[in-house]
Amino acid sequence: MRTVVQFGPQHPVWIEPLRLKLTLDGEVVKDAELEAGYVHRGLEKKFEWDYNKAAYLSERVCAICTQHHSTCYCLAVEGTMGLEVPRRAAIIRTIMLELERLHSHLLAIGLTLEAIGFENLFMQSFKDRELVLDVFERTTGNRVLHGINIVGGVTRNIGPEMAKEISSFCDVMEKRCHDLEKMVVNSYTIRQRMQGVGVMSQKMAEDLCVVGPVARGSNVPYDVRAVAPYLLYKEIKVTPVVEKGGDCWARTMVRVRELFQSIDIIRQCLPLLDGAPDELFAKSRSMPDGENFARVEAPRGELFYFVRGKKSKELDRVKIRTSTYANGIGIVPLIKGAQLADVGFITITFDPCIECFDR
């Protein structure tokens, strides 16, 4: 006997509204329909105003990867003006991006562990994440909406004392991440619960064009930092972290291993500040004109901004393709054939951001 179950839009495993209409045969999901749009805000239309103010607006698209949104937006606008940011600003932007990847991955790992009942590891992940937010507060004055990026550069410097603090933070965070990794990897229960659940093959990942840890967990070595470097990634070689399993375990382990990769990148950037000129901002003598796009590797995958200027302060068009939007298409195929008890768990390993999805 088939039963239709409404899964969401409010569900404990998600922190934002999303609805799945599930058709069940007993406990097995036979069909699924995904419905989003509950937090649509029409932000792309709002971007058609002062391009300088829009940098702050871009941070409001997503509260988790604010730095990636504003950086990608600024890179796209700077391309329409032929503007090159000072080297020091590029270094600071890169450090901020990797700090944000740290806190986003810790949040995703914590929520995944909470979904399978490990409240203590959830709290441990969030406790470690607080340290990253403290660094953001010390460097930018804000924990979530940093407001440091502007078209042409950044508004805040990282001086020698702050660089030393961030270096010490990397030492502490590396030890904590190793502790977290040991607890996850050595747990028989977590392995048993994650391995073989929600398997996405490499072919399926390539066919669906999913991005980020979802793709890399299926052995697809696609990382924008490696294939189309920007900012300091042109100098710092980034090797995509991949896992071959394609299951919930593989997607989680990609995020765990990328914690150490981010710490390593920050450590490589900090010494470069010593020899960089103090200039933080390059002023343009022209208005945004013509079309340009930029893409960055956000914590959830490729983030894309298209911008069209019209030689005035107001922009003609801004189009955003977020990583969750690209990954959303992969959720339904994995749910079909899964047990009802695994539905929430499988979706949370996608690290879905509904704010990004709906914009």
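In this predicted model, β6, β7 and β8 form an open sheet of 3 strands in the order β6-β7-β8, and the pairing is antiparallel, where two strands pair if DSSP finds at least two bridges between them. Helices (H or I, at least four residues) and strands (E, at least two) are DSSP runs, numbered from the N terminus. A further open sheet has the order β1-β2-β3, and helix α4 packs with helix α11 as well as with helix α6.

Residues are numbered from 1 along each chain as its sequence is written, and side-chain values use heavy atoms, with hydrogens and water left out. Because the model is predicted, local features need pLDDT of at least 70 and side-chain atom pairs count only at pLDDT 80 or more, while totals for chains, interfaces and linings use all residues.

- β7 and β8 run antiparallel and are joined by 6 bridges, and V307 has V318 in β8 as its bridge partner.
- K311 lies in the loop between β7 (301-310) and β8 (315-321), and its phi is near 55°, a positive value in a residue other than glycine.
- K311 is also exposed, with a relative accessible area of 60%, on a scale where buried means under 20% relative accessible area, exposed over 50%, and partly exposed in between (1.4 Å probe, protein chains only).

**The sheet β1-β2-β3**

- The 3 strands of this open sheet are paired in the antiparallel sense; β1 and β3 are the edge strands, each pairing on one side only, and the twist from one strand to the next averages 20°.
- Strand β1 (residues 2-7) pairs with β2 in the antiparallel sense over 6 bridges, with T3 opposite L24 in β2 and V4 opposite T23 in β2.
- β2 pairs with strand β3 (residues 28-35), also in the antiparallel sense, over 7 bridges; in β3, D31 is the bridge partner of T23, and E35 is that of R19.
- The hairpin formed by β2 and β3 has 2 residues between the strands, and G26 in the turn has a positive phi of about 70°.
- Strand β2 (residues 19-25) is mostly covered, with 5 of its 7 residues buried.

**Helix α4 with helix α11**

- Helix α4 (residues 87-115) and helix α11 (residues 248-269) pack at an angle of about 155°, and their axes are 9 Å apart.
- The two helices α4 and α11 are therefore roughly antiparallel to each other, given that angles under 35 degrees count as roughly parallel, over 145 as roughly antiparallel, 65 to 115 as roughly perpendicular and the rest as oblique.
- The crossing of α4 and α11 is left-handed, a term that applies if the near helix is turned anticlockwise from the far one by less than a right angle, with right-handed used if clockwise.
- Residues of α4 that meet α11 include I91, I95, L99, L102 and I109, and among those on the α11 side are V256, L259, I263 and I266, where contact means heavy atoms within 4.5 Å.
- By class, the contact of α4 with α11 has 13 nonpolar, 5 polar and 4 charged residues; Ala, Val, Leu, Ile, Met, Phe, Trp, Tyr, Cys and Pro count as nonpolar, Asp, Glu, Lys and Arg as charged, and the others, Gly among them, as polar.

**Helix α4 with helix α6**

- α4 and helix α6 (residues 160-185) pack at an angle of about 25°, with 13 Å between their axes, and α4 and α6 are therefore roughly parallel to each other.
- α4 passes α6 in a left-handed crossing.
- On the α4 side L99, L102, L106, I109 and L113 meet F169, M173, L180 and V184 of α6, a contact with 9 nonpolar, no polar and no charged residues.

**A further loop residue with positive phi**

- C209 lies in the loop between α8 (202-208) and α9 (212-216), and its phi is near 60°, a positive value in a residue other than glycine.

Note on methods
Axes are lines fitted to C-alpha atoms, for helices over the stretch in contact, and angles run from 0 to 180 degrees between N-to-C directions.
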